[in-house]
Amino acid sequence: MNTILEVQELHVHFSASGNVTRAVDGVDISITQSETLAVIGESGSGKSALGLALLGLLPANCTVAGIVRYRGTDLLTLSESKLETIRGGKLAWVPQNPAGAMNPSMTVGAQIGEPVYLHVEKNRSVVRKKVLELLQFIRITPPEERIDSYPYSFSGGMLQRSLVAMGIAGLPEVLIADEPTKGIDIMNRQSVSALLRALREKGITLLVITHDLSFARNLADRIAVMYSGRIVEVREKKSFFNGPLHPYARGMLLSLPENGLHPIAGRTRESDKCDGGCRFRFRCTYAMERCRAEPPLITLHDGSAVRCWLYD
Ligand SMILES: Nc1ncnc2c1ncn2[C@@H]1O[C@H](COP(=O)(O)OP(=O)(O)OP(=O)(O)O)[C@@H](O)[C@H]1O
Ligand code: NI
């Protein structure tokens, strides 16, 4: 197996008005070349912070520690200028919120063309040709009529696909997409899903952040479940959906409409995030004394990883 991205003991801590939020609190994960990994978890679990940390895109009010190795280079030790040559080129990001992520005063074509110009091709007429091809690929047609449009004239689904086009315009090896199906209707969800599947066919490594489980099920090879800043389970997609191990993951599946919409009792409190033990124990029906005393370590169980004392 060829590991393309390896994350070790990653921490992202935000400090705002004297409080520290441990958005990512000791994440280890490796991503294999050409695989599609879905990171799932409830709102606030740290999914976006993890994605942003991989690309060095976090705001200044946070501290990042750990290792993010891309093809052997630790990205967290690179200077901003070195990182810029990789970001948008080798590693690209599709941000959340398509409406806010595009520049309203620039044409969509110019925005998709920017990474092409920066990372692939300096000849402007070749750049334009490549942008037309990208528009065709994301099914925004006819491309010649759409290339000079401004974002306001696009629907939410078209904007989301344009953000994916911007992400892939620099010919990345790894594309990290944050909630690419959020806030769009079912038809557009299907077209984003088809688009990402087409990228997977091209061999692009995909890390997809989502809380849409059916989307993850359709797309991913592996599933990583995040809870309160930590990855609590990593499994092959099929075995995950056949029988998740971690009590939180089991609860997630039981809360799906097709499984009877049984919500997980309780909610995550900010104070739990600075707790020494297992952070899910406040909501866990299996919680034992040990879960309070020490945070569960990752244990390997039939080729998958789970962070829960039930499996020790
Ligand atoms: N810029 C910031 N300043 C301070 N705290 C932040 C900032 N960004 C995120 N956080 C905090 O970090 C934690 C993780 O946030 P993050 O956005 O990564 O969660 P998420 O899993 O992506 O959630 P969602 O599904 O809602 O996008 C949250 O508690 C959030 O309040
Ligand atoms: Ni997010």
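Visitor: What makes the protein chain divide into domain 1 and domain 2?

Guide: The chain is split into domain 1 (3-220) and domain 2 (245-312), bounds that come from an automatic or database domain assignment, and the C-alpha centres of domain 1 and domain 2 lie 29 Å apart. This is a predicted model, in which local features need pLDDT of at least 70, side-chain atom pairs count only at pLDDT 80 or more, and totals for chains, interfaces and linings use all residues. Residues are numbered from 1 along each chain as its sequence is written, while chains are lettered from A and ligands numbered from 1 in the order in which they are written.

Visitor: How do you know which residues come nearest to ligand 1?

Guide: A residue is near a molecule if its C-beta atom, placed from the backbone, lies within 6 Å of it; of the 15 residues around ligand 1, Phe-14, Ala-23, Ser-43, Ser-48 and Ala-49 come nearest. Two or more residues each are given to this shell by strand 1 (3-16), strand 2 (19-32) and helix 1 (47-54), where helices (H or I, at least four residues) and strands (E, at least two) are DSSP runs numbered from the N terminus. Helix 1 gives the most, with three residues.

Visitor: What describes the packing of helix 4 and helix 5?

Guide: Two packed helices are described by the angle between their axes and the distance between the axes. For helix 4 (residues 108-119) and helix 5 (residues 124-137) the angle is about 115 degrees and the axes are 9 Å apart, with axes being lines fitted to C-alpha atoms over the stretch in contact, and angles running from 0 to 180 degrees between N-to-C directions. Residues are in contact if their C-beta atoms, placed from the backbone, lie within 7 Å, and among those that meet are Gly-109 and Ile-112 in helix 4 and Val-127 and Leu-134 in helix 5.

Visitor: What is the peptide bond between Thr-141 and Pro-142 called, cis or trans?

Guide: The bond joining Thr-141 and Pro-142 is cis, with omega about -10 degrees, and Pro-142 is found in the loop between helix 5 and helix 6 (143-146). Most peptide bonds are trans.

Terms used: Contact = placed C-beta atoms within 7 Å.
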